[in-house]
Amino acid sequence: MSSVISALGVVVSCGLFSSALPATLRARKAGALSEDPTPAAVTLINCLIWILYASVIGDVWIFGGCICGVFCNAFNTCVAIRLADRETAQRIEAIVCVGLTMVAVSVMVLGSSVVIPDAEVRVRLLSNLCQAICLAMFASPLVQSWQAMASRDASRINSALTAMQLLNGFLWTTTGLIRQDRTLVVPNGASIALALVNLLVKLSLGRRAKPRGPATKVVAVGADRAPTSIILTTIVCAR
């Protein structure tokens, strides 16, 4: 049962990680970004850390779900750095440089016995690191919810992506509960709550109605005159 749920989790994870590829391809073709690329850089680092954790505990399912995320988000991040404005590009560069350095240090400190001989301690520390970076990844879409509530416009919240995050969190939380693995339960359980927040914001606000354009009213002036002398005056007024 655990293997079946884990396999479904891998499929959904790949769908979640690849969901931004169409928008990235359109942006590359147009030569301009349409969405904030910061989550892609954070997700790239998250997947690398989880692959390290999977290699330490020998879990092929976690590796299978995250290797797709590495490819998709590495592509998204590379395109974003090339197309982003100066400020955004510098922010992404900082995330990637700091994140890759953190991954390299983690490989040496937590992935080998050179620094910490106790294997159980290394796994526990790596588990805490995975949970922290995963929570940061799943929390990043909350920025859109905050902006939606401020502007009363939820059109930028992707319902399909949020639903997929909800399903992904449910599958991996279930896997963690079956295995009694807190590393899977905590961040994915939190992702369910965060996805529900996004969905509630989307449902409560919906799409803000677009303002109507000028409307034309026809008013009959001189109705008390003879029919042949009625003048029709067109008054353009903006509602």
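Visitor: Why is valine 114 called exposed?

Guide: Its relative accessible area is 58%. Exposed means over 50%, buried under 20%, and partly exposed in between, with a 1.4 Å probe and protein chains only as cover. Valine 114 is therefore exposed, since 58% is over the limit.

Visitor: What am I looking at, and how are the residues numbered?

Guide: This is a predicted model, in which local features need pLDDT of at least 70 and side-chain atom pairs count only at pLDDT 80 or more, while totals for chains, interfaces and linings use all residues. Residues are numbered from 1 along each chain as its sequence is written, and side-chain values use heavy atoms, with hydrogens and water left out.

Visitor: Where does valine 114 lie?

Guide: Valine 114 is in the loop between α5 (86-109) and α6 (119-139). Helices are DSSP runs of H or I with at least four residues, strands are runs of E with at least two, and both are numbered from the N terminus. The chain has nine helices and two strands.

Visitor: Which residues does serine 112 touch, leaving aside neighbours within four places in sequence?

Guide: Serine 112, also in the loop between α5 and α6, is in contact (heavy atoms within 4.5 Å) with Val107 and Arg122. Its side chain also reaches the backbone oxygen of methionine 108 at 2.6 Å.

Visitor: Why is valine 201 called buried?

Guide: Its relative accessible area is 6%. The limit is under 20%, so valine 201 counts as buried. Its place is in helix α9 (residues 182-205).

Visitor: How do you know that α3 is mostly covered?

Guide: Of its 20 residues, 15 are buried. Helix α3 (residues 38-57) reaches 29 Å from its first C-alpha to its last, close to the 28 Å expected. The expected span is 1.5 Å times one less than the number of residues.

Conventions. Polar contact = N/O pair within 3.5 Å; in protein donor to acceptor, adjacent residues only side chain to side chain.
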